[in-house]
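Work through the exercises below with the coordinates open. Each task is followed by a solution in steps.

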Amino acid sequence: MAKYTPPVQSKLGQIIDVIVLLALSIGSLYIPLIYGLSGSAKVTTVVENPTWESLGQNEAMVKQWNALGFTDPAAAHDLITTRFDYSFSWLNLAFMAVVLIGYFFMLIKLSDKEYREVISEKFER
Amino acid sequence: MMDFWDYLEYAAWAGSAIFGLLIVADWIKTDTTYSEEMLTSSREGELEAMTEQHKL
Amino acid sequence: MADTSEKVGLLRVLGPAHVWALGVGIVLVGEYMGWNFGVGKGGAYAALIACWFAGILYTCVAMIDSEVTSTVAAAGGQYTQANHIVGALMAFNVGLYLVFAYTMLEAANAWTVGFLVQTVGGLAGHEGTLNDDPFIVLSIMFLAWLNYRGVLATLTFNLVITAFAFVAIILLFLMTAPFTAPDLMQHAELMSGQAALPYGWLGILAAMHFGLWYYLGIEGTTQAAEEVRSPARSLPFGTLAGIMTLVIAATLTWFVCVGLMPWEYLGTAGTPLFDAARLSGSSFLVWLLGIGTLFATLASANGCINDASRAWFSMGRDRYLPSWFGAVHPKYRTPYRAIIFLVPIALLFALKLPLDQIITFSILSGLLGYTFMPLNMIMFRRKWPLDTIKRGYVHPFHPIPAILLLALCAVTYFAVFLGYGTQLVAMVGFYVVASLWFHFWRYRFVNRGAQFTMPWPKPKGY
């Protein structure tokens, strides 16, 4: 197989490539944040006039809350009553699985194509 | 009323600026002193021969 | 190589202790912050189970990595491994995983430094809230400068501060444990009733998400491969010693923290070990763990700059990225342009994002990398069976660790999916687009045969 000689990239081309990559990465990390899609779903169950008992805290827990600076149950209310929402749809899970498996499948397929070129150039000269 | 922590904030900004300037100054000096071929001459797997001949 | 005097490369100056310091140094901060979000996702017991399962996952990672890396010893670590074993596109993706995982971790560390200074300022009686921005910027700038100036000083600094942070955890345990302070810990009471498993069994799965945080980054030891004096010996030794250190530190950390704090508080705390020290009532411990937190975050950020820049540099050197990044500083022998380039990116995230999301970005990139490892291992043994090339270390029970690792990765993907599924899909979407860009555009600038630099025979089946 003929040896492949890559073109030399101009300075401008190098800069454009860096900008493309940066825009891609920062964009994909920020877009979910901007649209509020990231982070986790949480629900807070409000307890009116909270006491340590109504928040389900026993004596030892109350002692440690106090030591941490939460002397008023109302101050600890949000921390205690906010829970993750783990309800999910199987459809979404299946979608995620397909995306992930498809991604890795694509990686291995395309990589193998490139790898064969590398090996044939390296070992069959 | 400025207290110790306010001064610490300014000191931290100043420190950041100094380290930033040190890096940038050396970067410019290096890039203008040496040729691009020499700076990017490192190659994977050629290290063994290199380290044999360098002097600490 | 006709004229070697005109060439510059990285320096082989590090020993096994530096490898340990690089690996543990990056990770130990996970004990000082971040792991406790797992308590928030599933409760105290769930966090412990996640801690041990993640320990198994990382033992597999360390074993697999040790074998491959003691054979493929080049800066870039898993990136170079992928290049030699799977192919160019995989290598490009792995390189990006590394850079993202470490840069986000670096941002999380700088964030924590700012938060710690803010907390201490508040405790010391500063009025109003201290602005944490200058401290975030200072820590990143200082460490970038240190990294710029040379690897030996950087990692020797890491060795000292990592050892300090590790000893601080041991001392905290010894001084609060039931045999020295019988009434301090309240495990039974704090973990009774609803606090035992607040989310049931699903919570244990969910906690795996942050269970990784106890160990994330240990695989970074491989980045030092071009700077270690005898990689075939030092890398496996330093990595495996590192994982043992971390399992011990993680278990002690869990034990102390859940014995002192209600899980609802612990699950959202910014600096849990420092809080534990405050609750112990000993001002010596408060100082010790305060400094320990600071050192752990600095050590980690330091190691992250080191690793992310090595990966970025290697990609530049191979033309996967603009070749401009493949430069080595003639005097300090560091990949200085890669170090400089990553500074503003780390700043952008540290200053703008909440901690749990920065951590999730880092964990996701790490997780994609761990999924690559078992695939890599299986292909490595298949293309070069044991009798074809000499390996510095051969890991036992192949292919069980690889399969176990793959299974644990699947569990962790599900854990991330619970709550952070959109982020996961968005991130994979990015890698898909970046991959297409690489395959159809960027790869034309890459030399074909020259990417394969190991003196190995031709792989089987090609």
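For the charge count used below, Lys and Arg are positive and Asp and Glu are negative, with His and the chain ends left out; each charge is placed at NZ of Lys, CZ of Arg, CG of Asp or CD of Glu. This is a predicted model, in which local features need pLDDT of at least 70 and side-chain atom pairs pLDDT 80 or more, while totals for chains, interfaces and linings use all residues. Residues are numbered from 1 along each chain as its sequence is written, chains are lettered from A and ligands numbered from 1 in the order in which they are written, and side-chain values use heavy atoms, without hydrogens and water.

**Exercise 1. Describe chain A by its elements, extent and charges.**

Step 1. Assign helices (DSSP runs of H or I, at least four residues) and strands (E, at least two), numbered from the N terminus. Chain A then has 4 helices and 2 strands, in the order α-β-α-α-β-α from the N terminus.

Step 2. Compare the radius of gyration, taken over C-alpha atoms, with the globule rule, 2.2 Å times the number of residues to the power 0.38. Chain A has a radius of 28 Å, well over the 14 Å that the rule gives for 125 residues, so it is more spread out than a compact globule. Its C-alpha atoms fill a box of roughly 80 × 35 × 30 Å along the principal axes.

Step 3. Count charges: chain A carries 10 positive and 12 negative side chains, and the centres of the two sets are 16 Å apart.

**Exercise 2. Determine which chains touch, and how much area the interfaces bury.**

Step 1. Take contact as heavy atoms within 4.5 Å. Of the 2 pairs of chains that touch, chains A and C have the most contacts. Chains A and B do not touch, their nearest C-alpha atoms being 12 Å apart.

Step 2. For A and C, 68 residues of chain A meet 96 residues of chain C. Buried area is the accessible area (1.4 Å probe) that two parts lose on being put together, summed over both. Here that is about 7,200 Å², with 72% from carbon and sulfur atoms. Leu29(A), Tyr86(A) and Tyr115(A) supply 10% of the area that chain A buries against chain C, more than any other three residues.

Step 3. For C and B, 50 residues of chain C contact 34 residues of chain B. The buried area is about 3,900 Å², and carbon and sulfur atoms give 64% of it. On the side of chain C, Arg12(C), Trp145(C) and Arg317(C) lose the most area to chain B, together 13% of what that side buries.
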